[in-house]
Amino acid sequence: MNRIGLSAEQTKEVAEHLDQHLANLHVLYTKLHNYHWNVEGPEFFTLHAELEKQYDAVAEEIDAVAERILMIGHRPSASLAEYLKKAQLKEAESAPIRGKAVVEELLADYSTLIAGLRAGIKAAQEIGDEATADLMIGSLAAYEKTVWMLQAYLR
Ligand SMILES: [Fe+2]
């Protein structure tokens, strides 16, 4: 045991969930910029602005997730090579893209993130790591709201 009452051995699996999430977030961060620049069509202004809001939120989340990994006694991945190897999300090519395709692609990515968070929350709660669970629940709630809005956009 240590000063936070959770040993590094106990938190190993939780740290792996967080690190996978961190890798996914880096791909999402780049992808949101890609679409912010490359989206074309009548939805340009709407999506251009919305995607900027989303990548700003992802930037803050990246820092919070990496620092949480350190707090529970592990070291976050910190190179693009590691992120690309660990991430489940796939990058997009730099090419013009229509608004509907952007939103469909992001819905799939947020679904992947949500599934990962649910597994991470369960793992954190199982070892009594409530602060990590709380961090992930906060992200989960934000993504569920984003999914709702993206789905509304497609209707
Ligand atoms: Fe911009």
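**Figure 1. Ile 72 is a buried residue, with a relative accessibility of 1%.** Buried denotes under 20% relative accessible area, exposed over 50%, and partly exposed the range in between, computed with a 1.4 Å probe and protein chains only. The model is predicted: local features need pLDDT of at least 70, side-chain atom pairs count only at pLDDT 80 or more, and totals for chains, interfaces and linings use all residues. Residues are numbered from 1 along each chain as its sequence is written, and side-chain values use heavy atoms, with hydrogens and water left out. Ile 72 lies in the loop between helix 2 and helix 3 (80-86); helices are DSSP runs of H or I with at least four residues, numbered from the N terminus. Leaving aside residues up to four places away in sequence, Ile 72 touches Ile 4, Ala 8, Thr 11, Val 14, Ala 15, Leu 18, Asp 129 and Thr 132, a contact being heavy atoms within 4.5 Å. The C-alpha atoms of Ile 72 and Val 14 are 8.9 Å apart, while 58 residues separate the two in sequence.

**Figure 2. Asp 19 and Lys 86 form a salt bridge.** The closest N and O atoms of this pair are 2.4 Å apart; a salt bridge requires a side-chain nitrogen of Lys or Arg within 4 Å of a carboxyl oxygen of Asp or Glu. The pair links distant parts of the chain, with Asp 19 in helix 1 and Lys 86 in helix 3, 67 residues apart. Asp 19 is buried at a relative accessible area of 4%, whereas Lys 86 is partly exposed at 37%. Side chains of opposite charge can pair when their charged atoms come close. The structure holds 9 salt bridges. Lys 31, Glu 105 and Asp 109 are linked in a network of such bridges.

**Figure 3. Salt bridges join Glu 50 to Lys 53 and Lys 122 to Glu 126.** In helix 2, Glu 50 and Lys 53 are separated by about one helical turn, because they are 3 residues apart. Their side chains meet at 3.5 Å, N to O. Glu 50 is partly exposed, with 22% relative accessibility, and Lys 53 is exposed, with a relative accessible area of 58%. Lys 122 and Glu 126 both belong to helix 4 (residues 99-126), where they are 4 residues apart, about one turn of the helix. The closest N and O atoms of Lys 122 and Glu 126 are 3.9 Å apart. Lys 122 is exposed at 54% relative accessibility, and Glu 126 is exposed at 58%.

**Figure 4. Glu 52, Asp 56, Glu 60, Asp 63 and Glu 67 form a patch of negative charge on the surface.** Patch members have over 30% relative accessible area and no salt bridge, and like charges are joined within 9 Å. Glu 67 is located in helix 2 (residues 44-71). With a relative accessible area of 38%, Glu 67 is partly exposed.

**Figure 5. Asn 38 and Ser 139 are buried residues.** Asn 38 belongs to helix 1 (residues 12-38) and has a relative accessible area of 16%. Residues up to four places away in sequence not being counted, Asn 38 touches Ser 94, Ala 95, Pro 96 and Ile 97. Ser 139 lies in helix 5 (residues 130-154), with a relative accessibility of 10%. Under the same exclusion of residues up to four places away in sequence, Ser 139 touches Glu 61 and Leu 117.

Definitions and conventions: Patches are made of residues with over 30% relative accessible area and no salt bridge: like charges are joined within 9 Å, nonpolar side chains (Val, Leu, Ile, Met, Phe, Trp, Tyr) within 5 Å. Accessible areas come from the Shrake-Rupley method with a 1.4 Å probe; for residues, only the protein chains shown count as cover. Lys and Arg count as positive and Asp and Glu as negative; His and the chain ends are not counted. The place of a charge is taken as NZ of Lys, CZ of Arg, CG of Asp or CD of Glu. Helices (H or I, at least four residues) and strands (E, at least two) are DSSP runs, numbered from the N terminus.
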